[in-house]
Amino acid sequence: MLSYAVIRGGLGLLAVKRACALSRLAHTSRQSEYRPIKKVMVANRGEIAIRVFRACTELGIRTVAVYSEQDTGQMHRQKADEAYLIGKGLPPVAAYLDIPDIIKVAKENGVDAIHPGYGFLSERSDFAQACADAGVMFIGPSPETVRKMGDKVEARSLAISAGVPVVPGTDAPIASLHEAQAFAETYGFPIIFKAAYGGGGRGMRVVREYEELEENYQRAYSEALTAFGNGSLFVEKFIEKPRHIEVQILGDKYGNVIHLYERDCSIQRRHQKVVEIAPAFQLDPHLRDRLHADAVNLARQVGYENAGTVEFLVDKHGKHYFIEVNSRLQVEHTVTEEITDVDLVHAQLHVCEGRSLPDLNLKQDKIRVNGCAIQCRVTTEDPARGFQPDTGRIEVFRSGEGMGIRLDSASAFQGAVISPHYDSLLVKVIASGKDLQTASSKMSRALAEFRVRGVKTNIPFLQNVLSNHQFLHSTVDTQFIDENQELFNLKPTQNRAQKLLHYLGHVMVNGPTTPIPVKAKPSSTDPVIPPITMGDPPIGFRDVLLRDGPEGFAKAVRAHQGLLLMDTTFRDAHQSLLATRVRTHDLKKISPFVSHNFSNLYSLENWGGATFDVAMRFLSECPWKRLQELRALIPNVPFQMLLRGANAVGYTNYPDNAVFKFCEVAKENGMDIFRVFDSLNYLPNMLLGMEAAGAAGGVVEAAISYTGDVSDPMRQKYSLDYYLKLADELVKAGTHILCIKDMAGLLKPESSKLLIGALRDRFPDVPIHVHTHDTAGAGVAAMLACAGAGADVVDVAVDSMAGMTSQPSMGAMVACAKGTKLDTGIALEKVFDYSEYWEVARGLYAPFDCTATMKSGNADVYENEIPGGQYTNLHFQAHSMGLGNKFKEVKKAYTEANKLLGDLIKVTPSSKIVGDLAQFMVQNSLTRAEVEERADELSFPLSVVEFLQGYIGIPHGGFPEPFRSTVELERGKTLHIKALALGDLNKAGQREVFFELNGQLRSVLVKDTLAMKEMKFHPKAQKSIKGQVGAPMPGKVLEVKVEVGSKVEKGQPLCVLSAMKMETVVNSPLAGTVKAVHVTADSSLEGDDLILEIEE
């Protein structure tokens, strides 16, 4: 931290060393000429600003960034030591052209020198002069040289004076369209307009026919004015199919000028370079020497200092023509640095300070070419749509790296917003190798590693260029892209992960797209709360628990005369019948009645499992608050919850301390009995949950999940002996209560007698609790059999919430036991009142009621063994997907999937694994035999693969073989996705949805369809409606050329859009009359926004 503070606060170690070296230099050289630079401002943005900042930092120079109001989130302002706002209130580009404000910021903050970067003010002599007038060094040529070289006409005259061949053109900027017409008449078409005070393809237009002249003149003038602050143009004869070769030059204040060889920039579109190569491939050696000599001679003639580029066109006959001098650093300077090992920005800074090229050991005879370098400009443009700029938020960014790769970027990061205001350059990728083929190979590999999602890029196009035979083995010219249309045969990106995240995000924001088969609406009738007596509720079993502790509570349960009941109405019953959607509000209303009339219940099951999931995701409720509020209303009846062992209330294993803390907090907030189970009866997971519940001071009820049939001698995997041995381990571990969890309702009366009778004989002092579901309709009979065999507690649900996949009827159990030794002591009429409340309350949840698709239970559960809650869900899903008539096939597949997996205990989450495999089989029309035969080639659901990997424990009897060994546990690409959070609504009607994908944070923006109905947006052009004209790209409207009622011809210009400093004319797709205009000048549009409507 100390070294960082020193570097940022003063000269720093690098600067001290540099100062010492320069001090020695001053005594041996031109001391009076040397002016050390201590602080540099870059009057630019993006990657070039960062490139200069890095060079300054390496030299111990402090850095200053400037930024527009639209660039507050850009990386370049974060990379500088200081950053200041400029051009407040100005349009995005105009802010960086605000010379007075830039100079003001420089003076106020002690800036010694300003680097202009490229574009913007980099070739404006008035800016260089303003710097000089303010006593601030300009890192570039002198103002006079900038003026001469920036004026393309004067530069042309100087070239002629130096004996350098030039292209026929005007001697001065043209003043009118008439002059352009006169030039065309003299020299013929094609001609080209060029901005007189800038480059980079801005303000450049080729005209091939007289009819195109006026429109292209207007567009070139407007672009030049916007980009450079001066719309002056000159005209040249356009040379067909030339190579574009440029020579890098470097001069100092003492007349020394050297070249750093050439670059081939012929691969262009819209006169903007796409791929640059250094040195030029297969260039005639004599031509190369002439190019170098002409470039150096021209630079010497004007007294050129600092870095610059002399650009030439080379025609098919090998003749070269001077076209311009760029008196600045070029975008493609990187490839020159890679082949010469000369840091051009370092050289610029040193030359500006007054050091000579010989002082820097930069002598022509020492500059050597080493290998080849290629630069690809990765842009946010869509090649498939004519390289139209794309804008938006980068959702994913992963770059290509490795040996021989250099990346220069600024906006290339996840979350970056690409605006339409500036250049579309995203990142410059530079590859180096011993020759063109080697460098191309490295570049291709690096581009293949890139992953950019959220905006379109030209990467697929660049990959096609790099694999093109002409590019790799011959020469290319400026028509290379136009003449090789196969470059546009773009390989579509798979984008699998992001598409999946968008789908999941859409479901999270807008709900499932699968149609719900339920048309029922919630009842408008509120349930009537039965009357209750005044005063405190009677003493119940919770009072015993609070007085005697868990051990005393267990003894009281075992000593109780008659059958005890646990009521599941508050959780498992409505989970099975109403998708767990019952609100705390309706539970609270009936709670006082329960407290006063059912004080002799063993417990209320009211919390855990799906309660958490549904309360937070669908009900927008806090499950902890539910527990607290119910506890206050029912102080006398114990509460019971499900604890999935090491999974707690989730679906994956949690750290031990998290499970312990969860149980501790649950106990503090009112939970009493923790029914601990594991979906595979995996003992280590159960022991963890038991220990956590016990440490929290709760009643530990260890639950054995039941499957199979102990009364069937042909089914011996889960035999009576299996259950007894497991019960032995749980009792040894100290469970207070022993539970049989029959989640599918498989216990028949005979098997109930065998199992419970054996457990009672083995453990006479341990209370036994039996949980079941009534899917087959035999639940009451089975529970009476359990009670007769020695069970102390059985599960029920109130009558109107009982039956089918829920628990057996409370009223039926109370009535059947009445007057026997199993008498529950519960008043039957109170059960009727309780049931009437829930019968009406159930109507409030009609859209979620399982009876909409399921009219009864089914005894085939004894065959398929589907747990109650899952049976309801699968039935509902089948009807939602229009497969209600195929539910029998789903159940059959479930049976086969269970056998494939080795006959599992089936309870969440193991039941989900069997269900996932069953649905996979149905969707792919696979039989059990086919799955076994093709196990090595099928892409199984992730839950199945993770089960076979042992994620949730080891099943009884081990994993199924050879199925497990055959399944390839790592098949290519696996996406691990976890939903994390949902963001607030933004101004565009979107919500940001956060995920964890393969361990990395990802987010997507999803339109909230419900919220957008209440928001106003610009209408979109409908492609299906002829005559609707939409914006071809995001941008700003510069000019609307028609009005309502105007007659237009096909191809006639309608309006002009500007995006990323390029202008696009939107032409009429048909002849007709303008019916409506939906935009005005200065309107900001998104892609496909409706511009106007035309009637034929």
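**Figure 1. A salt bridge joins the side chains of Glu-246 and Lys-273 (2.9 Å, N to O).** A salt bridge is defined as a side-chain nitrogen of Lys or Arg within 4 Å of a carboxyl oxygen of Asp or Glu. The pair connects distant parts of the chain, with Glu-246 in strand E9 (residues 243–251) and Lys-273 in strand E11, 27 residues apart. Helices (H or I, at least four residues) and strands (E, at least two) are DSSP runs, numbered from the N terminus. Both Glu-246 and Lys-273 are buried; buried means under 20% relative accessible area, exposed over 50%, and partly exposed in between (1.4 Å probe, protein chains only). The model is predicted: local features need pLDDT of at least 70, side-chain atom pairs count only at pLDDT 80 or more, and totals for chains, interfaces and linings use all residues. Residues are numbered from 1 along each chain as its sequence is written, and side-chain values use heavy atoms, with hydrogens and water left out.

**Figure 2. Two further salt bridges are formed by Asp-408 with Arg-406 and by Glu-605 with Arg-571.** Side chains of opposite charge can pair when their charged atoms come close. By the rule applied here, the count comes to 61 salt bridges. The side chains of Asp-408 and Arg-406 meet at 3.1 Å, N to O. Asp-408 is buried, with a relative accessible area of 6%, and Arg-406 is buried at 17%. The side chains of Glu-605 and Arg-571 meet at 3.0 Å, N to O. Glu-605 belongs to strand E24 (residues 603–608) and Arg-571 to the loop between strand E23 (564–567) and helix H21 (572–578), so this pair ties together parts that are 34 residues apart in sequence. Glu-605 and Arg-571 are both buried. Elsewhere, salt bridges that share partners join Glu-246, Arg-263, Lys-273, Glu-276, Glu-311, Glu-332 and Arg-377 into one network.

**Figure 3. Strand E28 (residues 737–741) is largely enclosed by the rest of the structure, because five of its five residues are buried.** In a regular strand the side chains alternate between the two faces of the sheet. In E28, Ile-737, Cys-739 and Lys-741 point one way, whereas Leu-738 and Ile-740 point the other way. Two strands are taken to pair if DSSP finds at least two bridges between them. Strand E27 (residues 699–705) runs parallel to E28 and is joined to it by five bridges; Ala-703 has Cys-739 as its bridge partner. Strand E29 (residues 768–771) also runs parallel to E28, with four bridges between them, and Leu-738 stands opposite Ile-768 of E29.

**Figure 4. Helices H27 and H28 take part in right-handed β-α-β units with E28.** One unit consists of E27, helix H27 (residues 720–732) and E28. The other consists of E28, helix H28 (residues 749–762) and E29. A crossover is right-handed if, with the strands pointing away from the viewer, the path from the first strand over the helix to the second runs clockwise.

**Figure 5. Domain 2 and domain 5 are in contact through five residues of domain 2 and six residues of domain 5.** Contact means heavy atoms within 4.5 Å. The domain assignment, among its entries, gives domain 2 as 373–496 and domain 5 as 977–1013; such bounds come from an automatic or database domain assignment. The centres of the two domains, taken over C-alpha atoms, are separated by 28 Å. The area buried between domain 2 and domain 5 is about 500 Å², of which carbon and sulfur atoms give 36%. Arg-393, Glu-395 and Gln-414 supply 76% of the area that domain 2 buries against domain 5, more than any other three residues. Buried area is the accessible area (1.4 Å probe) that two parts lose on being put together, summed over both. The count between these domains is one salt bridge, and the side chains of Glu-992 and Arg-393 meet in a salt bridge at 2.4 Å, N to O.

Figure 6. Most residues other than glycine have a negative phi, and most peptide bonds are trans.
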